[in-house]
Amino acid sequence: MAELLVEQIRPGLNVRGIFALKSKKLLPYREVPGHFLAVTLVDRTGEVEGRLWEGAEEAGARLKVGDIVAVEAQAVAYNGVVQLRIDSIVKENGQIDPARFIPSAEGLEEARVKLQQLIDSLTNTYLKALLSLLFSNPDFYQAFCLAPAAAQYHHALLGGLLVHSVGVAAAADGIARDYPQADRDLLVAGALLHDIGKVYEYRCHGAIEQTDEGRLLGHIVSGALLLDRYVARVPDFPEDLRLKLLHMIISHHGRYEWQSPKRPKFLEAALLHQLDLLDAQADMFSRAAAGREDKGSPWTGWVKGLNRCVYCR
């Protein structure tokens with residue numbers, strides 16, 4: 001049997017594949033004693049339900065949600081959808097490529113080029129030195145370019161953080177022409193830096209998950225701490241500029257109810273908040289429309305992150 005992705009599975013096929021275990025539930029048989037194991041398996045192309053009928057209690061005890069599992073099964077049709085009748089499901093302990101399970105953002109190479117162009121365009125020598133120092137760290141740069149921007153709502157993709165940050169910074173560059181009273185370099189630098197803490201907030205394995213640091217501190221606090229460490233390495237970095245950058249990170253969510261420790265208190269911080277929200281919502285509206293189940297309908301179903309249905313025509 002060749003290894004199959006979820007999108008390739010059809011009723012009647014023998015299936016062998018590596019999947020992430022999204023959910024599991026031990027359920028009782030209706031008419032006889034014992035239990036079966038109901039699972040949801042995912043990869044970057046979608047998800048599929050599966051049922052293990054024999055050895056369910058043992059498998060349910062040794063597997064946990066989030067595990068990467070090797071599965072052998074028969075694909076059958078059940079209530080009009082494909083389902084796996086599982087013969088074997090075991091934890092996979094080999095080297096795992098997150099890209100097998102989590103989709104990647106489009107335009108990553110273009111975003112890398114744009115990132116460098118934006119850094120090179122800075123005329124403030126302190127800001128340029130700071131960003132050059134941070135993004136020249138190979139470990140941070142690699143993590144920044146691979147990290148998602150969120151776990152589910154916007155840019156929840158490998159490379160989503162890079163694409164989102166560059167998108168906000170490019171918009172900042174553009175809007176600075178219409179608001180000449182804004183400090184263009186500060187706005188662009190703040191846009192590139194505003195979500196740097198997400199490098200430490202998420203880990204990618206079979207799914208996008210929060211780290212302990214993400215749960216305990218969150219990306220706003222982690223980002224401010226990281227920024228301050230790098231500011232300290234730039235000789236004679238102005239204190240007022242340090243405070244402005246830190247404020248832009250901690251205020252970019254804009255509202256206390258959105259877990260922002262401070263509301264924006266100067267023009268560039270206020271613009272950053274609006275541009276961050278704009279880029280996130282543009283992605284959420286676009287993905288909701290593209291991912292709707294009924295392509296013939298002009299409406300999506302309820303979109304949790306937007307708290308509304310989206311009109312697509």
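Me: Okay, what kind of model is it, and how are residues numbered?

Reply: It's a predicted model, where local features need pLDDT of at least 70, side-chain atom pairs count only at pLDDT 80 or more, and totals for chains, interfaces and linings use all residues. Residues are numbered from 1 along each chain as its sequence is written, and side-chain values use heavy atoms, with hydrogens and water left out.

Me: How many helices and strands are there?

Reply: The protein has 11 helices and seven strands. Both are DSSP runs numbered from the N terminus, helices being H or I with at least four residues and strands being E with at least two.

Me: And what does the C-alpha trace span?

Reply: About 75 × 45 × 35 Å along the principal axes of the protein.

Me: How much of it is buried?

Reply: Of the 313 residues, 44% are buried. Buried means under 20% relative accessible area, exposed means over 50%, and partly exposed is in between, using a 1.4 Å probe and protein chains only.

Me: What about the accessible surface?

Reply: That comes to about 16,400 Å², and carbon and sulfur atoms account for 52% of it. The areas come from the Shrake-Rupley method with a 1.4 Å probe, and for residues only the protein chains shown count as cover.

Me: How many charged side chains, positive and negative?

Reply: There are 35 positive and 39 negative ones, and the centres of the two sets lie 4 Å apart. Lys and Arg count as positive, Asp and Glu as negative, while His and the chain ends are not counted. Each charge is placed at NZ of Lys, CZ of Arg, CG of Asp or CD of Glu.

Me: Switching to strands. What does β4 pair with?

Reply: β4 (residues 68-78) runs antiparallel to β1 (residues 14-28), joined by seven bridges. β4 also runs antiparallel to β5 (residues 81-91), with 10 bridges between them. Strands count as paired if DSSP finds at least two bridges between them.

Me: Which residues partner up there?

Reply: Ile18 has Ala70 in β4 as its bridge partner, and Val69 has Lys91 in β5.

Me: How does β3 run relative to β5, parallel or antiparallel?

Reply: Parallel, with four bridges joining the two. Glu49 stands opposite Gln83 in β5.

Me: Now single residues. Why does Gly17 count as buried?

Reply: Gly17, in strand β1, counts as buried because its relative accessible area is 1%. Not counting residues up to four places away in sequence, Gly17 touches Glu3, Leu4, Val69, Ala70 and Val71. Contact here means heavy atoms within 4.5 Å. Gly17 and Leu4 are 13 residues apart in sequence, with their C-alpha atoms 5.4 Å apart.

Me: And Ile119?

Reply: Ile119 lies in helix α2 (residues 108-120), and is buried because its relative accessibility is 2%. Leaving aside neighbours within four places in sequence, Ile119 is in contact with Lys128, Leu131, Ser132, Phe135 and Leu192.

Me: You mentioned positive phi. Which loop residues have that?

Reply: Most residues other than glycine have a negative phi. His155 has a positive phi of about 50° although it is not a glycine, and Gln259 has one of about 65°. His155 is in the loop between α4 (138-146) and α5 (160-178), whereas Gln259 lies in the loop between α10 (239-251) and α11 (267-290).

Me: Are those two buried or exposed?

Reply: His155 counts as buried because its relative accessibility is 7%. Gln259 counts as exposed because its value is 65%.
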